[in-house]
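Here is a set of questions and answers for a reader who is meeting this structure for the first time. Please look through the sequence and the model before reading on.

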Amino acid sequence: MAGECVPCEGPDPKEMGEEELWELINDNRHRISLGVRPCILIPYLRQARVLTEMDEDEILSCHNLTNRCMRTSYMLDLLRTQGRNGAVALLDGLMIHYPTLYTQVTGRKPSTEPSRFSGLIKYSELTEYLVRAVTGMQKELQEAQREASRVTARCTTLESEIGQIMEQEEKSRCLQAENERMRRHLCSLQREVTKLKDEKCDLYMRYTAAIEDKSAVNKRLHDLNLQVSDAQYRLFCSLGNSDIDRLSYSSLKHKAVISREINLNAQTMIARVLAEKDTLRCQLVELQERVFSPKAKCSPREQRQSSDVISHTNTHQPKHTEIILLMYCPVFVSKETEGGWESLRSSSDESSSPNRRRLRRMDAVNPMSLSSCPSEVRDLLSRTSPPPFLMRSRPKAIRINGRVLSISLQGEALLSQLALVGGNKTGVFVHQVTEGSPAHTVGIGPGAQIVEVKYEQNQKALRMVLEDSTLEEAMWALGQVTGLCHLSLRPRQDDYEALLKQLQNSEISSGDSFYVRVNLSLPVGPNATLAVSCNDILHVTNTRPAGTEDSWHASQVHPCQLLDLQSGTVPNYYRAQRLLIRVIEDMSFQTKKCQKVKTIDAISVHLSDTHLLTVYILSHVGDTFAPKSCVTLMPYTLVTPRYPPICRPVLLLPTILGRILDKKLAGWQGFQLCEHEVLSPCEHAARLQRSEILEECEQGRNCCYTLQSVEKVMKKGIHCVLPLGLDCVRRLHRAEIFPIIIFISQSARSARKLKSKLQRHGQSEEQLLACSRSEEPLLDKLPCLYHSVAPDSWCDQTSLLTSLRTIIWEEQKKIVWVEPDLW
């Protein structure tokens with residue numbers, strides 16, 4: 001629009017020198033990169049002889065230039081090599097093709113007079129060029145007219161489709177009415193099921209009361225017998241022989257009648273209680289069948305057999321029962337039988353102490369210090385080991401909600417009695433029950449979710465919570481049961497049938513679903529083994545795939561969307577640990593073979609109670625070995641996706657270089673430097689207690705960066721540049737703020753490129769390198785990934801800033817995968 005043109009107040013480019021021209025262009029480099037299409041300007045620049053045919057091919061066809069902005073920026077770099085001619089030709093091209101942009105850059109109105117051109121191109125050639133440009137625009141106009149015709153035809157087609165959709169909408173309304181009627185019918189059926197459950201609970205209560213009545217009657221009968229015997233004994237002791245002879249027959253007969261009446265009354269009461277007990281037992285078995293297996297019927301013989309099995313329900317259990325579960329350890333707790341099932345929280349605290357350092361990259365292990373691992377490593381990682389409960393970060397306590405039925409049965413070879421389906425996402429359900437087995441006898445049927453299992457082993461009471469366990473964990477847990485066990489079941493017939501429908505339609509392969517980050521590289525193998533690299537994200541959808549052993553079925557995850565890409569099998573947790581040990585063995589062997597080292601430090605392998613395999617590297621100290629370092633081998637790390645706001649904060653490292661570049665980034669549009677706050681002593685103490693202070697400033701007392709200052713910038717919809725260190729990351733994560741972390745790796749050569757900038761800020765190259773070496777090892781301890789910039793990927797500060805803008809744009813689109821916070 002004419003109203004937006006800037007008056008002709010800027011200096012004339014013809015009168016400016018080379019440095020002034022390029023300073024003017026670089027100040028508007030971002031605007032030119034976004035608004036110029038290289039394919040439009042290149043013909044004119046070719047005519048002006050500031051670009052060659054090879055330059056044109058490199059700009060338009062280079063695979064490294066993935067978007068238009070990068071191609072335009074590269075074109076500007078090539079024109080910079082042509083000096084003043086390149087700058088003048090660029091401005092003349094903008095004046096012809098982008099007059100508005102020319103005005104914004106130079107501050108002058110465009111002019112097409114011959115005297116205004118650079119003189120780098122002849123007038124005849126310019127005329128020929130303009131004719132070709134007009135011809136090209138006419139072709140584009142014709143193409144636009146053809147496109148308009150196609151759009152018109154498409155609109156006609158869409159109108160007919162709209163008519164069909166309206167007819168389908170009418171049918172859909174009819175189906176919705178029918179669906180509503182079926183929904184009301186389903187609600188009535190659910191009310192009947194709830195009523196049956198309440199009746200079952202009432203029967204359990206009556207059954208318990210009957211047992212208590214029977215015990216009371218037996219005790220009363222026993223007391224009566226003792227009283228009669230005691231009375232008879234005292235009577236005969238008080239009478240002499242002559243008195244006994246004179247005792248009339250009638251009196252003895254009277255006593256016998258009284259005794260018989262007492263015994264008869266007691267026997268009648270016992271018979272009535274036993275009859276009621278049998279009736280309640282039959283009703284209990286029938287209700288178990290109706291709840292757990294509505295389609296199955298038990299014969300009277302099976303009902304009589306079920307009377308020999310102890311079964312009871314948690315009738316007095318509150319609505320929310322707290323079940324203690326160990327974090328980073330198997331979901332079973334070992335306590336002595338005398339201790340019962342209480343007081344388990346202390347074990348949870350003890351299990352969280354071992355070192356949890358992970359091995360993300362194989363270069364973290366020095367092959368020079370590793371000898372071949374001892375054979376007991378493979379024994380520690382045998383197939384009989386429990387599944388990797390440790391890699392799934394569970395809460396310290398799980399609440400089991402809803403009505404739960406506890407059934408006792410003989411659990412010898414329990415997995416041969418039950419077939420399971422499901423997983424941690426859907427719950428683990430009973431799928432099939434072996435005919436005639438103890439599980440079938442007590443009335444367990446398909447559709448019951450297994451919530452918990454209790455049993456005794458080696459005079460220890462064990463409890464395994466399977467509320468959110470994977471299928472692999474559940475099968476291992478039930479496989480450990482020997483002897484009498486107690487299963488806690490929850491009826492979920494609707495959810496079970498929905499799961500079966502999804503399995504039959506191949507919508508899912510199991511009920512398992514969780515995400516892990518890979519901490520090692522695995523090549524492609526046989527049987528559709530998935531190739532993965534370090535830091536890849538996998539979506540595990542089946543921990544017990546059919547036809548494989550010690551494997552998981554997983555899919556690679558799209559970096560920017562929660563979509564599953566290529567799928568296949570990967571080693572499960574323990575097999576991946578064995579592969580990791582084998583890699584370390586091979587590295588140690590090759591190093592020992594190549595360098596012919598006779599004395600190599602030893603390795604001590606320890607499998608802790610949390611099932612984290614820890615390798616201790618030992619070095620010689622005299623005649624003994626002393627621990628030198630240790631590495632905990634975790635091939636997979638559980639992660640969860642986070643979707644941050646549109647503009648995430650930016651943290652540049654190492655800290656010395658970040659302080660230099662922070663103000664440059666803050667000067668860009670869409671970026672703002674985080675401002676510090678000066679707090680009163682009371683407010684400073686209060687925010688410090690709430691962990692709202694990110695870092696203290698050096699300007700003065702109680703001057704600091706706070707969470708509120710970061711959130712204030714984020715609410716504006718722009719990037720907050722953080723002039724902070726690594727310590728702020730975990731505090732930001734706890735506030736659900738996930739910064740973009742960019743580490744600019746340093747070498748002696750790259751540090752020399754920043755020498756003048758460092759000296760201006762009172763720093764040296766050696767200090768920058770030392771800061772980089774000290775902060776880089778700390779990055780792997782973060783609960784999220786970071787982006788690393790190679791030292792040879794940039795040539796000066798301008799190219800580095802351009803690269804940083806591209807990195808921030810790419811990282812903003814990605815999902816943030818975060819580990820559980822263990823600190």
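Q: Is Arg659 buried, partly exposed or exposed, and at what relative accessibility?
A: The model shown here is a predicted one. Residues count as buried under 20% relative accessible area and as exposed over 50%, with partly exposed in between. The value for Arg659 falls between these limits, so Arg659 counts as partly exposed, at a relative accessibility of 33%.

Q: What is the strand order of the open sheet that has 3 strands?
A: Strand E21 (677–678) and E22 stand at the edges and have a single partner strand each, so one side of each is left without a neighbour in the sheet. E21 is joined to strand E23 (residues 703–706) by 2 bridges, and these two run antiparallel. The pairing in the sheet is antiparallel, and the order is E21-E23-E22.

Q: Which residue in E23 is the bridge partner of Glu677?
A: The two strands concerned, E21 and E23, run antiparallel and are joined by 2 bridges. Within E23, the bridge partner of Glu677 is Cys704.

Q: What angle does the direction of helix H21 make with that of E23?
A: Helix H20 (residues 681–689) packs on the sheet, where it touches E21, E22 and E23, and its direction makes about 120° with that of E22. Helix H21 (residues 707–714) also packs on the sheet and touches E21, E22 and E23, and the angle between its direction and that of E23 is about 50°.

Q: How many residues apart are Glu169 and Arg173 in helix H8?
A: The side chains of Glu169 and Arg173 meet in a salt bridge, with 3.5 Å from N to O. Glu169 is partly exposed, with a relative accessible area of 44%, and Arg173 is partly exposed at 41%. Both lie in helix H8 (residues 123–238), where about one helical turn separates them because they are 4 residues apart.

Q: Which residues are joined with Arg150 into one network of salt bridges?
A: Arg150 forms a salt bridge with Glu143, in which the closest N and O atoms are 3.6 Å apart. Arg150 is partly exposed, with a relative accessibility of 43%, and Glu143 is partly exposed too, with a relative accessible area of 36%. Through salt bridges that share partners, Arg150 is joined into one network with Glu143, Arg146 and Glu147.

Q: How far apart are the ring centres of Tyr573 and Tyr636?
A: The structure holds 7 aromatic pairs. In the pair of Tyr573 and Tyr636, the planes stand at 55° to each other, which makes the pair tilted, and the centres are 6.4 Å apart.

Q: How many residues apart are Tyr573 and Tyr636, and where do they lie?
A: Both Tyr573 and Tyr636 are buried. Tyr573 lies in helix H18 (residues 573–595) and Tyr636 in strand E18 (residues 636–642), so that the pair links distant parts of the chain, 63 residues apart.

Q: Why is the pair of Trp668 and Phe671 edge-to-face?
A: Trp668 and Phe671 are both buried. Planes over 60 degrees apart count as edge-to-face. The rings of Trp668 and Phe671 have centres 5.5 Å apart, and the pair is edge-to-face because their planes stand at 80°.

Q: Which residue lies over the face of Trp668?
A: Trp668 is a buried residue. At 4.0 Å from the centre of its ring, the residue over the face of Trp668 is Arg805.

Q: Why is strand E12 largely enclosed by the rest of the structure?
A: Strand E11 (residues 514–518) is joined to E12 by 4 bridges and runs antiparallel to it, and E12 also pairs in the antiparallel sense with strand E13 (residues 551–557) over 4 bridges. Strand E12 (residues 537–542) is largely enclosed because the number of its residues that are buried is 6 of the 6.

Definitions and conventions: Residues are numbered from 1 along each chain as its sequence is written. This is a predicted model: local features need pLDDT of at least 70, side-chain atom pairs count only at pLDDT 80 or more; totals for chains, interfaces and linings use all residues. Side-chain values use heavy atoms; hydrogens and water are left out. Rings of Phe, Tyr and Trp (its six-membered ring) pair if their centres lie within 6.5 Å; planes under 30 degrees apart count as stacked, over 60 as edge-to-face and the rest as tilted. Buried means under 20% relative accessible area, exposed over 50%, partly exposed in between (1.4 Å probe, protein chains only). A charge sits over a ring if NZ of Lys or CZ of Arg is within 6 Å of the ring centre and within 35 degrees of the ring normal. A salt bridge is a side-chain nitrogen of Lys or Arg within 4 Å of a carboxyl oxygen of Asp or Glu. Two strands pair if DSSP finds at least two bridges between them. Contact means heavy atoms within 4.5 Å. Axes are lines fitted to C-alpha atoms, for helices over the stretch in contact, and angles run from 0 to 180 degrees between N-to-C directions.
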